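Hi,

Here is the structure I said I would pass on. Have a look at it first, and my notes on the side chains follow below.

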Amino acid sequence: MAFLLSILLLLGLCANTISRAQPVSTYTPGDVSYELPTTKYETQDDYKAGPVGLLFQMVHLFLYVVQPHEFPADSIRQILEKKFEPSVDYQKIAYYEIGIIICTVLGLLFVILMPVVGFFFCMCRCCNKCGGKMHQRQKKSGRYQRKCFAVSLLVICFLISIGIFCGFVVNVHVQTWMNKTQQLATSNFKDLRTLLNETPKQINYILAQYNITRDRAFLDLDNIHSLLGGGILEQLKPEVVPVLNDVKAMATAIRETKEALENMENSLQSLSNGSAQLTHDLTSVKDSIENSLSSHDCSSAQAQSTCDRIRASLSQLESNPELSQVPSVDQQLSRVNEILKTNLDELVTQGRKSFEEIPNKIKNQTTDIVAEVKEVLNSIGDNIDNVSQKIPVQSTLSSFTDYLNNTEYYFYYYTSMVEMNDSYCWLGSLIICFLLSLIVMFFYLGLLCGVCGYDRHATPTTRGCVSNMGGIFLMTGVGLSFLLCWILMLFVTFTFVIGANMEKLVCEPYANKKLFQVLDTPYLLHQDWKYYLSGIMFSNSDIELTFEQVYSDCKNDKGLYAALQLHNIFNVSEHLNIQQHTGNIMKEFENLNLHLDNFTLLDDVGKRNLEEFAKCGVDKLNYNMYLAQADKSPVKANLLGFASTLEENANHLSSGSLRQSLKMNAQTIRTIHQEQVLPMEQSLSTLQQSVKILQRTTGGLPDKVAKILYSLDSAQNFVTNNIPSIIVEESKQFVTTIIGYFEHYLQWVEFAISEKMASCKPVATALDSAIKVFLCGYTVDPLNLFWFGIGKATVLLLPALILAVKLAKHYRQMQSEDIYDDVETVPMKNMENGNNGYHKEHLYGVHNPVMQAGYDFDSWS
């Protein structure tokens, strides 16, 4: 039933409803990807029989030995084509079936001969032949024969038990297969319903992805100023930004030059004025000290030496006259101030602002085009919606719902009937196993009683009841074997023919797909159709659509559209028409006409300003001379040290007006150092710093300005000459990005519909469940294991009953035995032949008094 369900499902989908790799877009957005959600199905792809699978493999190996030939595909085709006509070459079929035929013939011979042999054996026993006479000749090797027979029978019984065990295993396995079949069917029906229910959701998901694509494109269109304009800016930046930065740096250098010149001029003015004042004050102090030294206080011998030292040191009280002669930079400062009347910073800012306004200009010029492109993108969404509604997969699956419901109803209806009759099958197999078990049980009981009750000292006529019962059990097993083994073999032969052919002609060819290859033979199933499936689906049998290809595609989780080649009914590629949609978008962008005029990096005023700065003469100043003067001190000697020395010398003088006058002059010198020398030193430091700044900013000034002006002209020429081509290049890249979104999406839609949507894997799984699992796994394999086990046990009954007959002679109590007059003197050979002894056949049931003497047969030698 499951097999029929799978075939009807496959053909039902074919009635109204192809395979390739996903296409690669010419542009794939890095952050936009699509993936159809995978559908989870319950039914497992693979079937595992569990531990019993080892027994199944053993049967498969036996069948390979019996039937090692390859699947006769050509013969099967010939039979189907000629409708079993006599012209079919049945010799090839017989050659393929030779192993099964031989085994079948042997089985039938067993069935025919065993009752006949059993009948004659029974008649022979009744005539005291064939071991029916209750007399046992005693031989020296009897002990070893008994042990050999017992061990052999035990081994054979063990092997028979293994066969019976296989039968019981199959019985238990079959007892549970119905529940497994129902679970398997329920799982398959659920997967098929999942296929029906998930397909509309997959279509809605595909349509929803268009909204994501469209929104992403709308976002890029709304940000055209940053994407397209930003792209143009990135192209111009390497040429424009460095030049503007150089001009900006030069404007900063002009300001720094002005500040340095102002500081330098102020320092020079302060030095000039301070030098004159310092000279005047030092001269006054010097005259005051000389006047003090001219007093009579220096006339004493002790004071005169001190006064001479002071008088000799007065030459140190002099200023540096060169500081007042350093040339002024007032002329250069005036020129720089004139240059700064033109705000070069503002001119640079205007040029930069004009450069950075490119994105806004792009946005203003593309407002109308963006709106038109959005309308085109909205229309593409409507077209995709229409295409999705026309795909025959959804309509076919919708109409298939009723068919699936009816199939499920009939499946469970017939399954319930099978369940009702399943007990009869189970009971029949149990009876067969029980009958074999009964026979083997008699053999086991015979061995048990015979071995345990055997007395080596007892004669054949004096054996105990336990040993005798063992022999009776063995003969009972022999009788049951003759009575039942031919019936069991008849059952085994019948099931062997069915099971072996099902395994070799259905299960194995299905597993290696050779069965599909037979069904795909042109003109086989229909004499007018080359390919049967395409003839049913498309009314065009020349389309190569095969059972093997459909099964493989469904097994690989491909969609119905690809597996059944539905492009012959509805071609998604033609209806989507990616080139047409992208062409419409491109057509709207063809109206894109961008222009960026009046774009000036720096006007002529700014250029003249740079040229004037280069000619202002700042770079021609004698900076080394200024630095040399800045390194000099305003006075020749350290005034603080001179004041301290003067005060120390005054302390050597006696108290008086001279001493007081010199101390006052020392204090005056300290005041001059604090109020005049220190400010002059600060001015010298400022002069030095300013000169160094000017050296740094104006070093090679004409060359720097010339280089900037050259770079400025080059950048201006680059912008003027190349901005049209840059606009075209960036516009193409932007358009390619927008189109790439939809090209990538449309290609994914085509791939998803043709390859992934409505995956027909549940159909292939249902077919596997019907044939591979239900038919082969749940039916053929257990059937083959059953006949294999029962057949092996039945065949082994033949040697078992022979050994049992032989062994029963050693366990049963005989009615007569051999008697000898002189046991000790009888030669062994004669005793074995029975020539010199005699037996009393008329003393049935009476023990021979000579044999009751307790002699041991094993002691004869």
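**Salt bridges**

Lys 190 and Glu 42 are joined through their side chains by a salt bridge, at 2.5 Å from N to O. The lysine sits in helix α6, while Glu 42 belongs to the loop between α1 (2–16) and α2 (53–66), so this pair ties together parts that are 148 residues apart in sequence. Lys 190 counts as partly exposed, at 45% relative accessibility, and Glu 42 is also partly exposed, at 42%. Before you read on, please keep in mind that this is a predicted model.

Is Asp 220 buried or exposed? Asp 220 is buried, because its relative accessible area is 7% and the cut-off for buried is under 20%.

Asp 553 has a relative accessible area of 9%, so it counts as buried. Lys 558, at 21% relative accessibility, counts as partly exposed.

**Aromatic rings**

Searching the whole structure turns up 19 aromatic pairs. Among them is a tilted pair made by Phe 189 and Tyr 412, with 6.1 Å centre to centre and 40 degrees between the planes. Which parts does that pair tie together? Phe 189 lies in helix α6 (residues 142–222) and Tyr 412 in helix α13 (residues 392–453), so the link spans parts that are 223 residues apart in sequence. Phe 189 is buried, at 2% relative accessibility, whereas Tyr 412 is partly exposed, at 29%.

Tyr 409 and Tyr 410 pair up too: their ring centres are 5.4 Å apart and their planes stand at 70 degrees, so this pair is edge-to-face. Tyr 409 counts as exposed, at 55% relative accessibility, and Tyr 410 as partly exposed, with a relative accessible area of 42%.

There is also a cluster in which ring pairs link Phe 62, Phe 496, Trp 787 and Phe 788.

**The buried side of α11**

Last stop is helix α11, residues 358–365, whose buried residues are Ile 358, Pro 359 and Ile 362. Why are these three on the same side of α11? They cover an arc of only 100 degrees around the axis, and that puts them on the same side of the helix. And what covers them? The cover includes α7 (224–293) and α10 (344–356).

Cheers

Methods: Residues are numbered from 1 along each chain as its sequence is written. This is a predicted model: local features need pLDDT of at least 70, side-chain atom pairs count only at pLDDT 80 or more; totals for chains, interfaces and linings use all residues. Side-chain values use heavy atoms; hydrogens and water are left out. Buried means under 20% relative accessible area, exposed over 50%, partly exposed in between (1.4 Å probe, protein chains only). Helices (H or I, at least four residues) and strands (E, at least two) are DSSP runs, numbered from the N terminus. The arc is that of the directions from the helix axis to the C-beta atoms. Contact means heavy atoms within 4.5 Å. Rings of Phe, Tyr and Trp (its six-membered ring) pair if their centres lie within 6.5 Å; planes under 30 degrees apart count as stacked, over 60 as edge-to-face and the rest as tilted. A salt bridge is a side-chain nitrogen of Lys or Arg within 4 Å of a carboxyl oxygen of Asp or Glu.
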